[in-house]
Amino acid sequence: MITHAMEYLMYTDIPVIKIAMNNGFASVAAFNKLFKETYQETPSAYRKKKKETVDNQESMLENYILQ
């Protein structure tokens, strides 16, 4: 349940509330609580960090290719 939700956070732009509801959580608060206990950060912070990592990797690859 939580691992599927994590994948949606990483690979889609689906809002956190929809991810929570689509993965069987009673509320966004319940989802946020379990996610934070499991991954030590909120779903939104996790998504933002992963997006920044991917953006940085793409930028580095682009710079490498252009050299």
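Let me begin with a definition: a helix here is a DSSP run of H or I, at least four residues in length, and helices are numbered from the N terminus. In that sense Lys 51 lies in helix H4. Please also keep in mind that what you see is a predicted model.

I turn to the overall form. The chain contains four helices and zero strands. Read from the N terminus on, its elements run α-α-α-α. The radius of gyration is 14 Å, well over the 11 Å that the globule rule gives for 67 residues, so the chain is more spread out than a compact globule. Along the principal axes, the C-alpha atoms fill a box of roughly 50 × 20 × 15 Å. Of the 67 residues, 22% count as buried. If we take the contacts between residues at least 6 apart in sequence, 45% of them join residues at least 24 apart.

Next, the interior. In soluble globular proteins, nonpolar side chains tend to be buried together. Which residues make up the largest nonpolar core here? There are 11 of them: Ile 2, Ala 5, Met 6, Leu 9, Val 16, Ile 19, Ala 20, Phe 25, Phe 31, Phe 35 and Tyr 46. At least two residues of this core come from each of helix H1 (2–11), helix H2 (16–22) and helix H3 (28–39). The most is given by H1, with four residues.

Let us stay with H1 for a moment. Its residues Ile 2, Ala 5, Met 6 and Leu 9 are buried. These four cover an arc of only 105° around the axis, which puts them on the same side of H1. Met 6 deserves a separate word: leaving aside residues up to four places away in sequence, Met 6 touches Phe 35, Tyr 39 and Tyr 46.

A pair of aromatic rings is described by the distance of the centres and the angle of the planes. Five aromatic pairs are counted in this model. In the pair of Phe 35 and Tyr 39, the ring centres are 4.7 Å apart and the planes stand at 40°, so this pair is tilted. Both residues lie in helix H3, four residues apart, about one turn of the helix. Is Phe 35 buried or exposed? Its relative accessibility is 0%, so Phe 35 counts as buried. Tyr 39, by contrast, is partly exposed, with a relative accessible area of 22%.

Phe 35 also forms an aromatic pair with Tyr 46, and this one is edge-to-face, at 5.4 Å centre to centre and with 75° between the planes. Here distant parts of the chain are linked, as Phe 35 is in helix H3 and Tyr 46 in helix H4, 11 residues apart. Both partners are buried. Taken together, ring pairs link Phe 25, Phe 31, Phe 35, Tyr 39 and Tyr 46 into a cluster.

I now move to the loop between H3 and helix H4 (43–66), where Gln 40 lies. Most residues other than glycine have a negative phi. Gln 40 has a positive value, near 60°. With 60% relative accessibility, this residue counts as exposed.

What of charged pairs? Side chains of opposite charge can pair when their charged atoms come close. How many salt bridges does the structure hold? It holds one. The partners are Glu 41 and Lys 49, whose closest N and O atoms are 3.1 Å apart. Glu 41 counts as buried, at 16% relative accessibility, whereas Lys 49 is partly exposed, with a relative accessible area of 42%.

Lys 51 and Met 10 are 41 residues apart in sequence, yet 7.5 Å apart in space, C-alpha to C-alpha. Ala 45, also placed in helix H4, is partly exposed, with a relative accessible area of 32%. Between Ala 45 and Pro 15 there are 13 Å in space, C-alpha to C-alpha, and the two are 30 residues apart in sequence.

Thank you for your attention.

Technical notes: Residues are numbered from 1 along each chain as its sequence is written. This is a predicted model: local features need pLDDT of at least 70, side-chain atom pairs count only at pLDDT 80 or more; totals for chains, interfaces and linings use all residues. Side-chain values use heavy atoms; hydrogens and water are left out. A nonpolar core is a set of buried Ala, Val, Leu, Ile, Met, Phe, Trp, Tyr and Cys residues joined through side-chain atoms within 4.5 Å. Buried means under 20% relative accessible area, exposed over 50%, partly exposed in between (1.4 Å probe, protein chains only). Contact means heavy atoms within 4.5 Å. The arc is that of the directions from the helix axis to the C-beta atoms. A salt bridge is a side-chain nitrogen of Lys or Arg within 4 Å of a carboxyl oxygen of Asp or Glu. Rings of Phe, Tyr and Trp (its six-membered ring) pair if their centres lie within 6.5 Å; planes under 30 degrees apart count as stacked, over 60 as edge-to-face and the rest as tilted. The radius of gyration is taken over C-alpha atoms; the globule rule is 2.2 Å times the number of residues to the power 0.38.
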